[in-house]
Amino acid sequence: MSGPSTYTPSNGFTRWLDSRLPLLRFMNDTMVTFPTPRNLNVWYTFGGILTFCLAVQIVTGVVLAMHFTPTAAGAFDSVENIMRDVNYGWLIRYVHANGASMFFLAVYIHMFRGLYYGSYKAPREVLWILGVIIYLLMMATAFFGYVLPWGQMSFWGATVITNLFSSLDQVVPHMGTAIAHWLWGGFAVGDPTLNRFFSLHYLLPFVIAAVVGLHIWALHVPGNNNPLGIDVKGPQDTLPFHPYYTVKDAFYMVLFAMLFAVLVFYAPNFVGNPDNYTPANPLATPAHIVPEWYLLPYYAMLRAVPQKLLGVLVLFGAIATLVFIPWLDTSKVRSLRYRPMLKPFFWVLFFDCILLGYLGSQEPQATTNVFGLELSDLLLARIGAIYYYAFFWICLPVIGLIEKPKPLPQSIAQAVLGSHAAAAAE
Ligand code: HEM
């Protein structure tokens, strides 16, 4: 779809550079003239917003690292020093900490958009799988980052999650404990753990940036999918990326940045946990250990299973399932706009993930009042986890086979402009 290059160097220098390193040609073909479906809506601006989030996290993170001390004795105080004494340290830290939440908010919108419009289907399977790899790397990076301020939740969160590996003792005796000790660099979460987590937390965003490069490359080979889920048939269906989508992406990026600013300036601790303002204490376990909001659905699934190893498998299986979606979906039609049978199941999945997130934030023995009925959260989490799996492993393959899709439009141009204008545009 990207087609032959349309770039012509305009002066002596660009001609000289073009025959040595065609960087400007590459930029022109990918960000200026790139033919983009003319019907992309607001949900398609989140790829650009995510790139913005990644840049913000890297820039603020590098500055924070200049003032951070990665030792158990110094980490908490160095963060307090950033907050109180470093010039604008409070701003840089709050942008970074809330930036992680905004990043996940954007990635969840981006992923549900992909699910809704069937963007994972052929020929975009590799693009989707690279996305899943990015998502995994994001979760690892966020987890390592959360340990760094060395508050109570940092310490106990790291302890709970790394201890999951000890469940492997049930497969080979002592193996899981040995792995946990190896990860910690000792017999508990401590100085060596903090040091290596800092090293990895610094490294992974650059790995993410590299995988994003591949993700965008894999996008540019088949070109964008679009809300109709039909293929581009010719130039009448597309617009050049610049100025149409540069302007649209920039507009929504500004709106997103405004929401981000509201969080940073008016509610900077809204998504944080107050326990993390207490220095880590290996001798005092907090009453209620919870991860950050974006990991809560998985935490709910983990706790829904009474047996530890099985719980860990359910947790990792939920993420691994995402890789298989392109092959689990048997429908020939991409967009849910034309899939009346699957659509309600998609929305149930959406609210199921929110429900699981809520349940993950509650005490393990809590109950929730559902239409006057007092139900145990454990039961709800089990139903939620079963639905999550059932959607991907049963609904996607079965509904794809039995559903009668609505008729698809002839072309993007016809759907957007009407038949007369589409004919004129050809
Ligand atoms: C740092 C994180 C990410 C960045 C910077 C990023 C960037 C982008 C960009 C710039 C686009 C094109 C514009 C758009 O469609 O919004 C895109 C498209 C896409 N991304 Fe991502 N992405 C990220 C994470 C993910 C994840 C986690 C997934 C899924 C698991 C994913 C799946 C997709 C798919 C399927 C498309 C094609 C959408 C379509 O054409 O309909 N991305 N991404």
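View 1. By class, the shell holds 17 nonpolar, 10 polar and one charged residues, where Ala, Val, Leu, Ile, Met, Phe, Trp, Tyr, Cys and Pro count as nonpolar, Asp, Glu, Lys and Arg as charged, and the others, Gly among them, as polar. The ligand is surrounded by 28 residues, of which G47, L50, S119, G131 and N225 are the closest; a residue belongs here if its C-beta atom, placed from the backbone, lies within 6 Å of the molecule. Two or more shell residues come from each of α3 (46–67), α5 (89–116), α6 (125–147) and α9 (191–220), with helices taken as DSSP runs of H or I with at least four residues, strands as runs of E with at least two, and both numbered from the N terminus. Residue numbers start from 1 along each chain as its sequence is written. Because the model is predicted, local features need pLDDT of at least 70 and side-chain atom pairs count only at pLDDT 80 or more, whereas totals for chains, interfaces and linings use all residues.

**View 2. The largest nonpolar core.** Among the 50 residues of this core, C53, F103 and A106 touch the most other members. Such a core is a set of buried Ala, Val, Leu, Ile, Met, Phe, Trp, Tyr and Cys residues joined through C-beta atoms within 7 Å, and buried means that 20 or more other C-beta atoms lie within 10 Å of a residue's own, against 12 or fewer for exposed and values in between for partly exposed, with C-beta atoms placed from the backbone. The largest share, 10 residues, is supplied by α5. Leaving aside residues up to four places away in sequence, F103 touches C53, Q57 and M138, contact being C-beta atoms, placed from the backbone, within 7 Å.

**View 3. The hairpin of β3 and β4.** Strands β3 (residues 367–370) and β4 (residues 373–376) pair in the antiparallel sense over four bridges, pairing requiring at least two DSSP bridges. V370 has L373 in β4 as its bridge partner. Two residues lie between the strands, and F371 in the turn has a positive phi of about 50°.

**View 4. The kink in helix α14.** Helix α14 (residues 377–402) is kinked by about 45°, centred on A390, the bend being the angle between axes fitted to the seven residues ending at a residue and the seven starting there. Buried residues of α14 include D377, G384 and Y388, and their cover includes α11 (296–304), α12 (308–328), α13 (342–361), β3 and β4.

Technical notes
Contact = placed C-beta atoms within 7 Å.
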